[in-house]
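Please look through the sequence and the structure shown here before reading on. The report that follows takes up the helices, the sheet and a few single residues in turn.

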Amino acid sequence: MKKEIKKLLDIVTRKGSSKILSFSTPHVFKALQILDEQKYVSRITFCNELHIGEGAVRTLISHLKEDEIVDTIKAGTFLTTKGKKFTKKFSEVIAKQCTIKSCNIAREKYNHVFLLKNYSKIICNGMDQRDYAIMYGAKSATTLSFENGKFVFPNETDDALLEDVKTKNILLKKLKPEEQDIVIIASSNDSFVSEISAINSVLTTLATN
C-alpha cells in the first residue's frame with residue numbers, strides 16, 4: 001500500500017512542475033474514487049466534488065494522464081485499464097465508507113467513516129489518526145477496532161457502542177466489518193472537511209505503517 005500512496009504523492013509533486021498546487025493526495029484519492037464510480041467525469045464535476053478550481057483540475061488530470069491512469073475524450077475523463085488496476089488496490093484495503101449522524105463517539109454535525117481491512121494491529125492509541133484528520137480541518141477524529149463482534153477503542157476491550165445500538169447497527173450494515181478491521185471517523189461541521197480529513201487520516205495511516 002505504501003507504493004500506491006507514494007504514487008499519489010508523486011502525482012501531486014510532479015517533477016518539472018513550477019505551479020503551486022491547490023490539491024493534495026487526499027484530493028487525488030477522491031478523484032480516483034469519483035472516476036471509479038462514474039464512466040466519464042467532467043471538469044465541472046471534479047471542481048464541485050473536490051472543491052478546487054478549474055485550473056487545478058486541469059493540472060490534476062494532466063498529471064494523471066502522464067502516468068496513464070486516466071485519459072480524456074469529449075464526454076469527460078475516464079480511468080484507463082492501468083488506472084482501474086491502480087484504483088482496485090486501494091479498494092482492497094480501504095474497503096467501505098459511510099457517514100453517521102452526531103453521536104457519543106462522533107459529536108459534530110458531519111462524521112465521515114472509512115473502514116480499513118485488517119489493520120487493527122498497527123493502531124497504537126488513535127491519537128495519530130486524530131492528528132492526521134485535524135491537519136485537514138477536522139474538529140476531532142475517532143478510531144475503532146472491530147474485535148470479537150464489537151467496536152472497541154484501541155487497546156480496550158469494552159464495546160464502545162454498547163449504549164448506542166443505532167450507530168452500531170448503521171456501521172455494521174454499511175461497513176460489514178470483519179475481525180481486526182479498523183474504522184476511522186473524522187468529524188466536522190462541514191461535510192467536505194469531514195470527508196477530506198478522513199481521507200488524509202486513512203492515507204497517512206497506511207503510508208506510515
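## Helix 1 and its packing partners

Helix 1 and helix 5 (residues 81-93) pack with their axes 10 Å apart and at an angle of about 125 degrees, and they are therefore oblique to each other. The model is a predicted one, and this crossing of helix 1 past helix 5 is left-handed in it. On the side of helix 1 the residues that meet the partner are Glu4, Ile5, Lys7 and Leu8, while helix 5 brings Phe86, Lys89 and Phe90. Sorted by class, the contact of helix 1 with helix 5 has four nonpolar and three charged residues, and no polar ones.

Helix 1 (residues 2-12) also meets helix 8 (residues 191-207), where the axes come within 9 Å and cross at roughly 125 degrees. Helix 1 and helix 8 are therefore oblique to each other, and their crossing is left-handed. Lys2, Ile5 and Leu8 of helix 1 make this contact together with Leu203, Leu206 and Ala207 of helix 8. By class, the contact of helix 1 with helix 8 has five nonpolar residues, one charged residue and no polar residue.

An open sheet is built from five strands in the order 3-4-7-5-6, and its pairing is antiparallel. Strand 3 (94-100) and strand 6 (150-152) are the edge strands, each of which pairs on one side only. When direction is ignored, neighbouring strands of this sheet are turned against each other by 25 degrees on average.

Within this sheet, strand 4 (residues 110-116) and strand 7 (residues 182-188) run antiparallel and are joined by seven bridges; valine 113, for example, has isoleucine 185 of strand 7 as its bridge partner. Strand 7 also pairs with strand 5, again in the antiparallel sense, over six bridges, and here leucine 144 stands opposite valine 183 in strand 7. How much of strand 5 is buried? Six of the eight residues of strand 5 are buried, and the strand is mostly covered.

Helix 7 (residues 165-175) lies across strand 3, strand 4, strand 5 (140-147), strand 6 and strand 7, and it runs at about 145 degrees to strand 3.

## Two hairpins

Strand 5 and strand 6 pair in the antiparallel sense over three bridges, with valine 152 in strand 6 as the bridge partner of serine 145. The hairpin that these two strands form has two residues between the strands, and asparagine 148 takes a positive phi near 55 degrees in it.

Another hairpin joins strand 1 to strand 2 through two residues. Strand 1 (residues 70-73) and strand 2 (residues 76-79) run antiparallel and are joined by four bridges, and valine 70 stands opposite leucine 79 in strand 2.

## Residues in loops

Most residues other than glycine have a negative phi. Histidine 51, although it is not a glycine, has a positive phi of about 60 degrees, and its place is in the loop between helix 3 (43-50) and helix 4 (54-66). Glutamine 180 is likewise a residue other than glycine with a positive phi, in this case near 75 degrees, and it is found in the loop between helix 7 and strand 7.

Glutamate 179 has its place in the loop between helix 7 and strand 7. Is glutamate 179 buried or exposed, or does it count as partly exposed? With a relative accessibility of 38%, glutamate 179 counts as partly exposed. Glutamate 179 and glutamate 147 are 32 residues apart in sequence, yet they are 5.3 Å apart in space from C-alpha to C-alpha. Leaving aside residues up to four places away in sequence, glutamate 179 touches Asn118, Phe146, Glu147, Asn148 and Gly149.

Serine 194 is found in helix 8. Its relative accessibility is 3%, and because buried means under 20%, serine 194 counts as buried.

Terms used. Residues numbered from 1 in each chain as written. Predicted model: local features only at pLDDT ≥ 70, side-chain atom pairs only at ≥ 80, totals over all residues. Heavy atoms only, no water. Axes fitted to C-alpha atoms, helices over the stretch in contact; angles between N-to-C directions. Parallel < 35°, antiparallel > 145°, perpendicular 65-115°, else oblique. Left-handed = near helix turned anticlockwise from the far one by under 90°. Contact = heavy atoms within 4.5 Å. Nonpolar A, V, L, I, M, F, W, Y, C, P; charged D, E, K, R; others polar. Pairing = 2+ DSSP bridges. Buried < 20%, exposed > 50% of the residue type's maximum accessible area, 1.4 Å probe, protein only.
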